[in-house]
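Please look over the sequence and the structure shown below before reading the briefing, which takes up salt bridges, helices and individual residues in turn.

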Amino acid sequence: MDLTQGDILTSLAWFAAPILIGQLLQTLYNSVDSIVVGQFVGTSALAAVTASATITQFFVGFFNGMAAGASVVFARNFGAGQYSTLKESIHTAMAFSLLLGLIIMGLGVIAAPQLLYLVSCPEDVYAEALVYLRIYMGGALFMSLYNVGAAVLRSVGDSRSPFWYLVISSSMNIVLDVLLVKGFQMGVAGVAVATVIAQFTSAALAFRKMMQSDVRYRFSFRELKILGNLLGEIVRMGLPAGIQACVTSLSSMFLQRYINGFSSAAIAGIGSAMRIDQFAGMPCNALGLAMTTYIGQNLGAKKPERARKGVRLSLAAAFTMVVVVGIPSYFFAEELVGIFSSDPEVIQYGAGMLHVIMPVYLVMGFQMLFGGIIRGYGYSQETMCITLGGIVVVRQLWLAVALHFDHNIKWIYWGYPIGWGVTALLMLLFYLFVILKKPLSEKYSC
């Protein structure tokens, strides 16, 4: 799909829709895990999966961030018609992701106890959390390969193929979850095994597609190699995005330490609310990813005015999407949390969090959207620094001070919108006073 021509909103809608549904399905991996263990095993098993969630998000976020940053390089080359460089960049990125995935897989399995200690995993759920985390990390290689493969396909305008692969893998994950947990009584190990199988499936399908794609960017194992100059460019764009996601997740791990200071019901309730937050934030996140490719292609094609017009239209679209998902999430908070657990105490904690964050959810939407926009302009490092300042530093300071004076769970609820708001404000200021100050005639470079 060529995003450098045609109606902007129509193009973005068609391009972002498969990304949105794909993210929905990818998030279902862990959410279905939580639903199945919460309903068929119990509150302690749900708390075990929740305690592991911030750790798994750490690695998922890193792979997603690396892929999102690298997609800027792919999209620029595609938009500029530099197909030889595009093909070499793809093979360099895939070779690097293969090595990286193997390393993280090994480290994750070995260091699982230390990672659970980092989030202060409660003793009564530690054993189950350790089993879940070690099996989950066994699929890190597949996460790495799929995300880069999906980034390649999206950068050349194909957002539908990754979507269909996630339809297949997510459906498989749901069926296997129920089969292994309810049928074979495998507990948390069953949902972890189901997730790894699903991740392998999505990675295999992405590779198959790339090996059958247009010859201009077709993948071949024989051409796998790492070219230093291209790897440097990919890492320069991808690593800041990956580090940003990692440090943000690391902040969530420390946040989990605060949450773990409350009861198991509170842990499960907040974990359920965080799952709902993930789903509610997906439209803006998908639009942000679409804008990264959109801006990358248009700058590569030397159409900076079209890129800026797309930004204005995407802001209006983000506002609409937040209203559509935020209002039902607020008024049906108890019913949504009840999907994960029937425990009244769990529902009370989860609904309490949703009632705090949903009225100010617009700041979350703008934060996600501007992250994709600024990265699309080539400012990956700046996006990382802004996000770390708002999501990590400000949120951690808030929690440390607020909970020191009043050990009340409501301060954890408020930590989320405060971090989002500071980040969104800083990103808006960067866009207004740095990006918009650049002359339209000036060439943007990665």
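**Salt bridges, helices and selected residues**

E223 counts as partly exposed because its relative accessibility is 34%, where buried means under 20% relative accessible area, exposed over 50%, and partly exposed in between, with a 1.4 Å probe and protein chains only. The model is a predicted one, in which local features need pLDDT of at least 70 and side-chain atom pairs count only at pLDDT 80 or more, while totals for chains, interfaces and linings use all residues. Residues are numbered from 1 along each chain as its sequence is written, and side-chain values use heavy atoms, with hydrogens and water left out.

**Salt bridges**

- A search of the whole structure finds 2 salt bridges, the term being used for a side-chain nitrogen of Lys or Arg within 4 Å of a carboxyl oxygen of Asp or Glu.
- K87 forms a salt bridge with E223, and their closest N and O atoms are 3.8 Å apart.
- Because K87 lies in helix α3 (residues 83-110) and E223 in the loop between α8 (188-211) and α9 (228-259), the pair ties together parts that are 136 residues apart in sequence; helices here are DSSP runs of H or I with at least four residues, numbered from the N terminus.
- R312 and E305 also meet through their side chains in a salt bridge, at 3.6 Å from N to O, and E305, at 39% relative accessibility, counts as partly exposed.

**Helix geometry and packing**

- Helix α15 (residues 380-405) has 26 residues and reaches 37 Å from its first C-alpha to its last, which is close to the 38 Å expected at 1.5 Å a residue, the expected span being 1.5 Å times one less than the number of residues.
- At L388, α15 bends by about 30 degrees, the bend being the angle between axes fitted to the seven residues ending there and the seven starting there.
- Helix α11 has 28 residues, and its reach of 41 Å from first C-alpha to last is close to the 40 Å expected at 1.5 Å a residue; among its buried residues are P304, R306, A307 and R308.
- Helix α6 (residues 140-155) packs with helix α7 (residues 160-183) at an angle of about 145 degrees, their axes lying 8 Å apart; axes are lines fitted to C-alpha atoms, for helices over the stretch in contact, and angles run from 0 to 180 degrees between N-to-C directions.
- In this packing, Y146, A150 and L153 of α6 meet S161, P162, Y165 and L166 of α7, contact meaning heavy atoms within 4.5 Å.

**Buried residues**

- A265 lies in helix α10 (residues 264-300) and is buried, with a relative accessible area of 7%.
- Leaving aside neighbours within four places in sequence, A265 is in contact with E345, V346 and Y349, while the C-alpha atoms of A265 and T43 are separated by 7.3 Å although the two residues are 222 residues apart along the chain.
- A402, in helix α15, is buried with a relative accessible area of 13%, and A402 and G288 are 32 Å apart in space, C-alpha to C-alpha, and 114 residues apart in sequence.

**Loop residues with positive phi**

- Q185, found in the loop between α7 and α8, has a positive phi of about 55 degrees although it is not a glycine, and Q185 is exposed, with a relative accessible area of 63%.
- K302 is placed in the loop between α10 and α11 (304-331), where its phi is near 60 degrees, a positive value in a residue other than glycine, and K302 is exposed at a relative accessible area of 64%.

Technical notes:
Helices (H or I, at least four residues) and strands (E, at least two) are DSSP runs, numbered from the N terminus.
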